[in-house]
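Thanks for coming. I will take a few minutes on one model with the sequence and the structure on the screen.

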Amino acid sequence: MDALEVVEILVFPGLTFFVWLAFVFEWLDRKTTARMQGRIGPMLAGPRGILQPVADFFKLTSKEEIVPQFSDKLVFEWGPPFFFAAPAIGTIFIPVVGLNAIVSSPYDLLFILFVLAFSTLMAGMLGYASAGRFSTISIGRLVLQYASFEIPLLLAIVSPAVAAGNLSISGIVQAQSNFHWFVFVVPIGFAVFIVSSLAELEKPPFDIPDAKTEIAAGWMTEFSARPLAYVKLTESLSYVFLSALAASLFLGGTAGPVLTNVTILQDGIYLAYFLIKVFAIGFAIFAIKTALARVRINQAANLFWTVLTPLSLLQLGIVILLR
Amino acid sequence: MSYLTRWSRKRSIWVFPVNAASCNGCDIEILASLTPRYDAERLGVEVVASPRHADVLLVTGTANSMTRGILKKIYEQMPEPRLVVAVGACALGAGVMRGCYNVGHGVDKVIPVNLFIPGCPPRPEAILFGILKLVGEHPRGQVVAKEQIGKVSTTEHEEGEK
């Protein structure tokens, strides 16, 4: 690993780039929600309030850190960085500039599935470690919800891989050049992926684990200051990560028409394609999230097991037959 | 305190509202200050679901013997730096119930209060004014005039009342 790779992983298009993208995503989320509700949204922090998530983050880091008396101190204090690491590592496998990601192997998707599972596992551990009443109820719901959406999400991720005949994300992106987007090949898989990622992100209509009106702030109830800042940042980073994953797997990611022969200019154009697609997916998720109300946990489990799992199996069958 | 800390604390105010034996009038006005007409989120205000996340405790009601302990406990659960705002006549003294044997006489008898917002109930403009005052922004200053704070208390609204 040479110096350039380290810079790529840590600064651009790696960690720092995605963290700033996460802040922008949270701002867009709040602005879109506000606009859809007829409000204005954050206005004072920076131009049009774009620095609002940054202000929230730095305010939280400057506050007093409270560790509950009966909590598991080790997990409670050291868990949030690991929770943050899950989507942060996942983003390295997604091509942002050019058609190749920083790190690319023939088994990318298996690792991505591990990252998604690890993220939920860390949420569960953090919730149990804080030993609060609301956290415990919330984790029960989280595990049940995870057991419901895991299979459809997995099958939805597998179908574009089958269509491309490749498990590497860079390979899947390269298979989609010339507008052979997999959203036209596996439309049902795309829909299932979006619905399942809403459940993975704990956003409405699947915000059952942190239902504000029922169980306080869910498994985040006992967190304050720095751990909370990490947890909130991880939530927005997961947002970006899942949008980028959807854009790469189904909308072609960075793939698009080649306009120039100059490498640097073409890299910029690839980045523009990627950002347009990511923000398109992001806006779709914001709109769904704002428009829908929360379902009960049994309704969610019902939906995932009796509707989305058969649909994604059907999609997988169709893709295998068409290949 | 660094510039960044001061700026972020001024721009990000997470509020945890508590109803300490209030009649719900003030709570509805607090809700109204979050609705499209007033939209407290413009100022960076967010209502959070847990006192551990909060910077500001918005207390309504007289804090009688039933809610006094709960109020104290919630205050102790908040991380420093924490601010308390007493909203409405009941939270300031006992409002219309002053002198009754069975009511508390103000939130400041239970926990330290940083800001009092009078009114029965206070208007949403008053609540926004209080929040801005709390973080050291004058509502008639340039920053806020630019962001249409003036819009919420224009003549249009006054005419609607007549």
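First, the ground rules. This is a predicted model, so to speak: local features need pLDDT of at least 70, side-chain atom pairs count only at pLDDT 80 or more, and totals for chains, interfaces and linings use all residues. Residues are numbered from 1 along each chain as its sequence is written, chains are lettered from A and ligands numbered from 1 in the order in which they are written, and side-chain values use heavy atoms, with hydrogens and water left out.

Start with the interface. The contact (heavy atoms within 4.5 Å) takes in 33 residues of chain A and 34 residues of chain B. Together the two chains bury about 2,900 Å², with 58% of it on carbon and sulfur atoms. Buried area here is the accessible area, with a 1.4 Å probe, that two parts lose on being put together, summed over both. E41(B), R52(B) and H53(B) supply 21% of what chain B buries against chain A, more than any other three residues.

Now the charges. A salt bridge is a side-chain nitrogen of Lys or Arg within 4 Å of a carboxyl oxygen of Asp or Glu.

R52(B) sits in the loop between β2 and β3 (56–60) of chain B, and E222(A) in the loop between α9 (187–200) and α10 of chain A. Helices (H or I, at least four residues) and strands (E, at least two) are DSSP runs, numbered from the N terminus. Buried or exposed, R52(B) and E222(A)? Both are buried, meaning under 20% relative accessible area, where exposed is over 50% and partly exposed in between (1.4 Å probe, protein chains only).

R39(A) pairs with D39(B) at 3.1 Å between the closest N and O atoms.

Within chain A, E65(A) bridges to R226(A) at 3.3 Å. E65(A) is in the loop between α3 (52–61) and α4 (73–90) and R226(A) is in helix α10, so the pair ties together parts 161 residues apart in sequence. E65(A) is partly exposed at 33% relative accessibility, and R226(A) is partly exposed at 45%.

Last, the helix pair. The axes of α6 (residues 133–164) and α10 (residues 225–250) of chain A come within 9 Å and cross at roughly 35°. Axes are lines fitted to C-alpha atoms, for helices over the stretch in contact, and angles run from 0 to 180 degrees between N-to-C directions. A156(A), I157(A) and P160(A) of α6(A) meet L245(A), L249(A) and F250(A) of α10(A).
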